[in-house]
Amino acid sequence: MTKEQLTKILIVEDEIIIADYISELLKEEHFNNVKIANDAQTARGLMTSFLPDIILMDINLNGKNTGIELSEAKNENATVIFITGQQDFALMSQAIRTKPNGYLTKPIKKVEVIAAISLVAQKRETQTLQIKDGYDIVNLEYNSINYIEADGNYVNIYTTSKKYTVRQSLNTIVEQLPTDIFVQTHRSYLVNRTKIQRLTASSVFVNNIEISLSRTFAKRLK
């Protein structure tokens, strides 16, 4: 499957005509894995079940700044691009505090939508680990991964919100991740350097969990 086909996009927009228009624009560019939410309740459900990679979020949802609240409740791997009316600059200032990856102004223009989506998709591709979770393809942002543990023919990936178990070797995972962010502490463990809270002669602590540190790998942390 192509990158476009794999990218899951959620459009959160209460104006049905605009939501459908954006969806059609995306499908013309072969982004076919697209869902629409016209209200906050539906959006929350899809953020949990659909697990979008990118969310196009209307700030002024149903006449309120609900989009900002929703963006803070998004699934951990989603990237947000806000949609705003041209006069919503005060709301945009508030929204910027949530660190979105871009914004679009109404009226929506095709070239701006595709450019914003493509830039985000490209950035995500270089900063995420793609795994298969059941029938779903999940892109895990590096910053969401705490540590990875070898478990026979599987690895357990511990993120800030849940554990994923995938059928891969730890060595295969090591080859996919940047060494400036991830470091092996033991033949069975790979740790996100930025998550290390404490370091001893034989252990590292991540999220208050003790992880083995062997002498073979200890020098990589110096």
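Guide: Contact here means heavy atoms within 4.5 Å. The model is predicted, so local features need pLDDT of at least 70 and side-chain atom pairs count only at pLDDT 80 or more, while totals for chains, interfaces and linings use all residues. Residues are numbered from 1 along each chain as its sequence is written, and side-chain values use heavy atoms, with hydrogens and water left out.

Helices (H or I, at least four residues) and strands (E, at least two) are DSSP runs, numbered from the N terminus; two strands pair if DSSP finds at least two bridges between them. Strand S8 (residues 145-151) runs antiparallel to strand S9 (residues 154-159), with six bridges joining them. Within this pair, Asn156 of S9 lies opposite Glu149. Two residues separate S8 from S9 in a hairpin, and Gly152 in the turn has a positive phi of about 65°.

S9 is also joined to strand S10 (residues 163-166), antiparallel again, by four bridges. Here Val155 has Val166 in S10 as its bridge partner. S9 and S10 likewise form a hairpin, with three residues between them.

The loop between S10 and helix H7 (170-176) holds Arg167. Arg167 has a relative accessible area of 58% and therefore counts as exposed (over 50%; buried is under 20%, partly exposed in between; 1.4 Å probe, protein chains only). Setting aside neighbours within four places in sequence, Arg167 is in contact with Asn153 and Tyr154. The side chains of Arg167 and Tyr154 make a polar contact of 3.2 Å, that is, a pair of N or O atoms within 3.5 Å; within protein, one must be able to donate a hydrogen and the other to accept it, and residues adjacent in sequence count only if both atoms are side-chain atoms.
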